Amino acid sequence: MSLAVTPGRIIATIALVLLAAGCDDEGWHGKNITGLMPELEFRLTDENGNRVSEDVFAGRPVAMYFGFTHCPDICPTTLARLAAATRRLPEPISQDLQLAFVSVDPARDGPEQLDKYTGAFSDRMLGLTGTQKQLQALTRRYRITYGYDEPDANGDYEVSHSSAIFVFDAELEPRLMLLDSLEVPQMAEDLERLLTMP
Amino acid sequence: MKLASAIVALVVLLAGALWWVGQMAPESPIEVDNARVRLVPGGGPMAGYMEIRNHSDDVIRLVGAASPAFGNVMIHRTILSDGRARMQHQSDGVRIVPGDSAVFKPRDLHLMLMQPKGALEVGDQVEIVLRFEGIAPAEWPVAFTVVPVTLE
């Protein structure tokens, strides 16, 4: 058996290293969804109680996460990572990127609750929620689901939800899914690459 | 024979010293480190994280927790699969074999601290009583530090 270093071996090794580092074949840490899903469109109520559509983000890219405020572990962890990644971005894209938290638990997440919650992560994070019909219309668009467990004796219940962050460009086309496994530097790298693309 | 006496004396002295060290305050059967509560605004539940080490010779099990600062405390684990997140109540508790530890950390095991009774601030100390099976006493009060929600 030969152990000679050939160009083929070097390329294979580089590919393996890239895979081990969690990059896909295009070098994204997250998942490139360009052209796979329809542009952003919704009717929801924001954290100020205003009825809004996707126009609220018009002209600027947005990173959107679906969760609920009675979620003490994964939601704050993901939102804090997103906010930290945004702070790492160079100007002006750092100021340009908008952050959105869509609660799929409208029964417990009114505008006031959403406002307090999003404010803990970033001034630029907008809380949104809506009726079940409005939320289903939005989540189905991006092939994600959410659901509720049976309430316990105290009336508390768990909500299952999508764990990825969806990133839309300035034309509100879905471009990237930042998966739950990504750490702050990887998120920042993907966001910077996407938002500085010509 | 002076040398032999000296050696015997030395051995006796060393044995005595070893016995004395062995009799010093016995090691606590468990140790809880880095106990913290992540502050979530809005009156919703918060997460408690920590590392519990089992120094005893027995298998122990964390079976519950309670706190004067929260109406209800549950042991939960976040399950991430197929792009979905959900929480799982650990109804059998958390088993820790001798010499091992259980790490409660973001995106994994956590204490779910529900119905906060008062406004908490970063830097506050909150008492949470951990209840075990396999050690005595069964209840261990632990001081948790309130940390910012942005800290992992």
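**View 1. Strand E2 (residues 46-54) of chain B is largely enclosed by the rest of the structure, because seven of its nine residues are buried.** A residue counts as buried if 20 or more other C-beta atoms lie within 10 Å of its own, as exposed if 12 or fewer do, and as partly exposed in between, with C-beta atoms placed from the backbone. Strands (E, at least two residues) and helices (H or I, at least four) are DSSP runs, numbered from the N terminus. This is a predicted model, in which local features need pLDDT of at least 70 and side-chain atom pairs count only at pLDDT 80 or more, while totals for chains, interfaces and linings use all residues. Residues are numbered from 1 along each chain as its sequence is written, and chains are lettered from A and ligands numbered from 1 in the order in which they are written.

**View 2. Strand E1 (residues 30-38) of chain B pairs with E2(B) in the antiparallel sense.** Pairing requires that DSSP finds at least two bridges between two strands; E1(B) and E2(B) have seven. Opposite Ile30(B) stands Asn54(B) of E2(B).

**View 3. E2(B) also pairs with strand E8 (residues 109-116) of chain B.** The two run antiparallel over three bridges. Ala47(B) has Met112(B) in E8(B) as its bridge partner.

**View 4. Strand E7 (residues 101-104) of chain B is joined to E2(B) by four bridges.** These strands are antiparallel, and Ala102(B) in E7(B) stands opposite Ile52(B).

**View 5. Lys133(A) lies in helix H5 (residues 132-141) of chain A.** Lys133(A) is exposed because 8 other C-beta atoms lie within 10 Å. Its C-alpha atom is separated by 9.8 Å from that of Arg43(A), 90 residues apart along the chain.
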